[in-house]
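Work through the exercises below with the model open beside you. Try each task before you read its solution.

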Amino acid sequence: MSIELAKQIVPCFDQVLIKPDALEREVSGILIENERPQRGEVIGVGPDVKSVKVGNSICVSTRFKTRFTYEGEIYFVVEEEDIVGKFN
């Protein structure tokens, strides 16, 4: 499903499209967003992105993101400068 989305949505400029790992957790029926840096997989990059590529596992600040749902899955888009680090 992530591959289909990456073909349909191409990030612009220095934007990075990410499939997060467990973005939210449910507590007593209420969705609580994790405010700590979030780990996720890069599934799309804009033409100006230099530090990551599709398939990288990264850590991003969740404060500065655009969040959306596609076919029941949560994704977000961040600027390259909001990437905290890359996992090997």
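**Exercise 1. The chain as a whole**

Among contacts in the protein chain between residues at least 6 apart in sequence, what percentage join residues at least 24 apart?

Solution. Note that this is a predicted model. Take the contacts between residues at least 6 apart in sequence; 60% of them join residues at least 24 apart. Next, list the elements. The protein chain has 1 helix and 8 strands. Read from the N terminus, their order is α-β-β-β-β-β-β-β-β. Then turn to burial. The chain has 88 residues, and 36% of them count as buried. Last, take the surface. The accessible surface is about 5,700 Å², and carbon and sulfur atoms hold 52% of that area.

**Exercise 2. Rings and charges**

How many aromatic pairs does a search of the whole structure find? Then decide whether the rings of Phe68 and Tyr75 are stacked or edge-to-face.

Solution. First, count. The search gives 1 aromatic pair. Its rings are those of Phe68 and Tyr75, with centres 5.9 Å apart. Next, check the angle. The planes meet at 25°, and planes under 30 degrees apart count as stacked, so this pair is stacked. Then compare burial. Tyr75 has a relative accessible area of 0%, so Tyr75 is buried. Phe68 has 21%, so Phe68 is partly exposed.

Finally, look for charges over rings. Lys19 lies over the face of Tyr75, 5.5 Å from the ring centre. Arg39 lies over the face of Phe87, at 3.8 Å from the ring centre.

**Exercise 3. Two residues in strands**

Which strand holds Arg39, and which strand holds Lys86? Find the contacts of each.

Solution. Take Arg39 first. Arg39 is in strand 4 (residues 38–45). Its relative accessibility is 39%, so Arg39 is partly exposed. Set aside neighbours within four places in sequence. Arg39 is then in contact with Pro20, Asp21, Ser57, Ile58, Cys59 and Phe87. Now compare sequence with space. Arg39 and Ile83 are 44 residues apart in sequence, and their C-alpha atoms are 9.8 Å apart.

Now take Lys86. Lys86 sits in strand 8 (residues 83–87). At 49% relative accessible area, Lys86 is partly exposed. With neighbours within four places set aside, Lys86 contacts Ser51, Val52, Asn56, Ser57 and Ile58. Lys86 and Gly40 are 46 residues apart in sequence, with 9.8 Å from C-alpha to C-alpha.

**Exercise 4. Positive phi**

What is the phi of Phe13, and what is the phi of Glu71? Locate both residues.

Solution. Recall the background first. Most residues other than glycine have a negative phi. Now check Phe13. Its phi is near 50°, a positive value in a residue other than glycine. Phe13 is in the loop between helix 1 (2–8) and strand 1 (15–20). Its relative accessibility is 58%, so Phe13 is exposed.

Go on to Glu71. Its phi is positive too, near 50°. Glu71 is in the loop between strand 6 (66–70) and strand 7 (73–79). With a relative accessible area of 51%, Glu71 is exposed.

**Exercise 5. Cysteines**

How many disulfides does the structure hold? Are Cys12 and Cys59 buried or partly exposed?

Solution. Begin with the bond. A disulfide is a covalent bond between the sulfur atoms of two cysteines. The structure holds 0 disulfides. Cys12 has 46% relative accessibility, so Cys12 is partly exposed. Cys59 has 15%, so Cys59 is buried.

Terms used. Residues are numbered from 1 along each chain as its sequence is written. This is a predicted model: local features need pLDDT of at least 70, side-chain atom pairs count only at pLDDT 80 or more; totals for chains, interfaces and linings use all residues. Side-chain values use heavy atoms; hydrogens and water are left out. A disulfide is a pair of cysteine sulfur atoms within 2.5 Å. Buried means under 20% relative accessible area, exposed over 50%, partly exposed in between (1.4 Å probe, protein chains only). Rings of Phe, Tyr and Trp (its six-membered ring) pair if their centres lie within 6.5 Å; planes under 30 degrees apart count as stacked, over 60 as edge-to-face and the rest as tilted. A charge sits over a ring if NZ of Lys or CZ of Arg is within 6 Å of the ring centre and within 35 degrees of the ring normal. Helices (H or I, at least four residues) and strands (E, at least two) are DSSP runs, numbered from the N terminus. Contact means heavy atoms within 4.5 Å. Accessible areas come from the Shrake-Rupley method with a 1.4 Å probe; for residues, only the protein chains shown count as cover.
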